[in-house]
Amino acid sequence: MTSAAQEHSAASYLRNAVRPALDLGALSLNENPLPPLPAVRTALMECMAAANRYPEFLPTGLRRLVAEHAHVGEENVAVGSGASGLAMRLFQALTTPGQRVVLSAPTFEGFPAFAQMTGLAVTDIPLDRFGHQDLAAMARAAADARMVVVCRPHNPTGTLEPVADVEQLIADVPADTLVLLDEAYIEFVAPGQRLDVAGLIARFPHVIVLRTFSKAYGLAGLRIGYALMAPALAERLWSMQLPFGIGAGCTVAVAASYAAEDQLQQRIAHIVAERSYLRARLRATGVYTTDSHANFVYLPATGRPWSEIFADNGLRVRGYPDGGVRITVGSRGSTQMVLSAVEQTLNAPAGAPRRRTR
C-alpha cells in the first residue's frame, strides 16, 4: 500500500470509527444517552495533552479515589478495564476449571462467556414469571458451587431483589462459595433500597461487589470498573494488575465525575424520570414491562418476537431468544420512537406489512 493510500485509509477510518455521542436509536447497550459531564470532558481534553506520558505504573490513584467514595479502605478495592474486564480477572484468579458457578437465566451475557473461557460448569436457575431471580433456589444450587452471581438490579429485566433476601442468600451459602453481586446499575436504585456494601464485605469475606463507570457516569468508552471485597480477595486481584494497564484519562475522569456529583445526580434523576414515563406510556397501551430499577425497560415475550417490531424503525434494541427485549432508556426523542413503533404495530391490521418509521 502506498503512503497516499495509507493516509486515505487512516482518514477514512477516523471519519467512521467514532460513534456519535448523541444517537436516538442506540438502545441496545444500556449506555448513558448523554455525553460525559462538561467538567469531565474538560479534564479529559487537558489529560490528552500529555498523552505522550505513561499513566501510573499501578492505578493506586484510582484505587484511592474509589475507596474514599465508597467509604472503604484501599485494601478493599480492585479496579480493572470495565466491570467485564475485572469480572474476567476475578473468574481467572478465584476459580478452577471444573468448578461450578450458579447463574440466573437469563442474565448478563458476559457471565456465561466468562464461565466458558475459564472452564466452569454453569447451573442456570430460571427467573420467575415477573423477571425476578429465585434467590432461594440459587442458594440451594450454590451449596457445592464455587460461585453464585446475583445481579442487583437484574440484567436484563431490571428487577430488584429485597435487601433482606440478598443477605439471606449470602448467609445460606457456604463460606467458601463466592457471592458476586453485580451492581452495574446501582446508581439508578433509590438510596433506601441499596445494600450497605461496606458493612456487607466486612461481615462476609466471601462477598464481592462489582460496579462500573460505564452506565450512570457515561464513561463506557473509557472502560473503568471496580470491585469491593475483603482485603484477602482484593489482594489476589491486585497482584494480577497489569502495569500501566489503566490509562491516565480513567483516573482523571473518575476524579472529575466525583467532583461534579450534584450534576451527575441530576442526570440520573432525569434518566429515572424518563424510565418511569416510558413504562407508564407502554402500560397505557397495554404492554407489560417488568418493574425496572435500572436505565432500561424489559418487555417479556408475548408470543411474537419484540425485536421484529423494532427491526425496521431505526432502533437498535437487545432481543432475547424467547422473544423478550431490553430497551435502554434514552432521550425523550428515543422514547417517542419506541412508543411510535409499538403503537403502530398494535394498531396495524392483522397481516399488514411493516413499514419503516423514520
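Okay, let's start with rings: rings of Phe, Tyr and Trp (for Trp, the six-membered ring) pair if their centres lie within 6.5 Å, and a pair counts as stacked with planes under 30 degrees apart, edge-to-face with planes over 60, and tilted for the rest. With that in hand, look at Phe91, Phe108, Phe111 and Phe114, which ring pairs link into a cluster.

Before going on, a word on what we're looking at. This is a predicted model, where local features need pLDDT of at least 70 and side-chain atom pairs count only at pLDDT 80 or more, while totals for chains, interfaces and linings use all residues. Residues are numbered from 1 along each chain as its sequence is written, and side-chain values use heavy atoms, with hydrogens and water left out.

Back to the rings. The structure holds twelve aromatic pairs. Take phenylalanine 213 and tyrosine 226: their ring centres are 5.5 Å apart and their planes sit at 45°, so this pair is tilted. Where do they lie? Phenylalanine 213 is in the loop between β7 (207–212) and β8 (225–229), and tyrosine 226 is in strand β8, so the pair ties together parts that are 13 residues apart in sequence. When I say helix or strand, I mean DSSP runs numbered from the N terminus: H or I with at least four residues for helices, E with at least two for strands. Both phenylalanine 213 and tyrosine 226 are buried; buried is under 20% relative accessible area, exposed is over 50%, and partly exposed is in between, with a 1.4 Å probe and protein chains only.

Rings also meet charges here. A charge sits over a ring if NZ of Lys or CZ of Arg is within 6 Å of the ring centre and within 35 degrees of the ring normal. Arginine 332 does that over the face of tyrosine 277, at 3.7 Å from the ring centre. Arginine 326 has its charged end over the ring of phenylalanine 296, 5.8 Å from the centre.

Now, salt bridges. We count one when a side-chain nitrogen of Lys or Arg is within 4 Å of a carboxyl oxygen of Asp or Glu, and the structure holds nine of them.

One of them joins arginine 316 and aspartate 23, with the closest N and O atoms 2.5 Å apart. That pair links distant parts of the chain, 293 residues apart: arginine 316 is in strand β10 (residues 316–319), and aspartate 23 is in the loop between α1 (3–17) and β1 (26–27). Arginine 316 is partly exposed at 40% relative accessible area, and aspartate 23 is partly exposed at 29%.

Next, aspartate 144 bridges to arginine 100, closest N and O atoms 2.2 Å apart. Aspartate 144 is in the loop between α6 (135–141) and β5 (147–151) and arginine 100 is in strand β3, so parts 44 residues apart in sequence get tied together. Aspartate 144 is exposed, at 60% relative accessible area.

Then there's glutamate 183 with arginine 211, at 2.8 Å between the closest N and O atoms. So are these two buried or exposed? Glutamate 183 is buried, with a relative accessible area of 1%, and arginine 211 is buried at 15%.

Let's move to a loop, the one between α4 (82–94) and β3 (100–105), where glutamine 99 has its place. Glutamine 99 is partly exposed, at 29% relative accessible area. Setting aside neighbours within four places in sequence, glutamine 99 is in contact with Leu120, Ala121 and Arg146, and contact means heavy atoms within 4.5 Å. Leucine 120 is in the loop between α5 (110–117) and β4 (121–126), and counts as buried at 9% relative accessibility. Beyond its sequence neighbours within four places, leucine 120 has contacts including Phe91, which you'll remember from the ring cluster.

Finally, some backbone details. Which residues are joined by cis peptide bonds? Arginine 152 and proline 153 are, with omega about -5°, and so are asparagine 155 and proline 156, with omega about 25°. Proline 153 lies in the loop between β5 and α7 (163–172), and proline 156 lies in the loop between β5 and α7.

Asparagine 30 has a positive phi, near 60°, though it isn't a glycine. Asparagine 30 is in the loop between β1 and α2 and is buried, with a relative accessible area of 0%. Phenylalanine 244 has a positive phi too, about 60°, but phenylalanine 244 counts as partly exposed at 39% relative accessibility.
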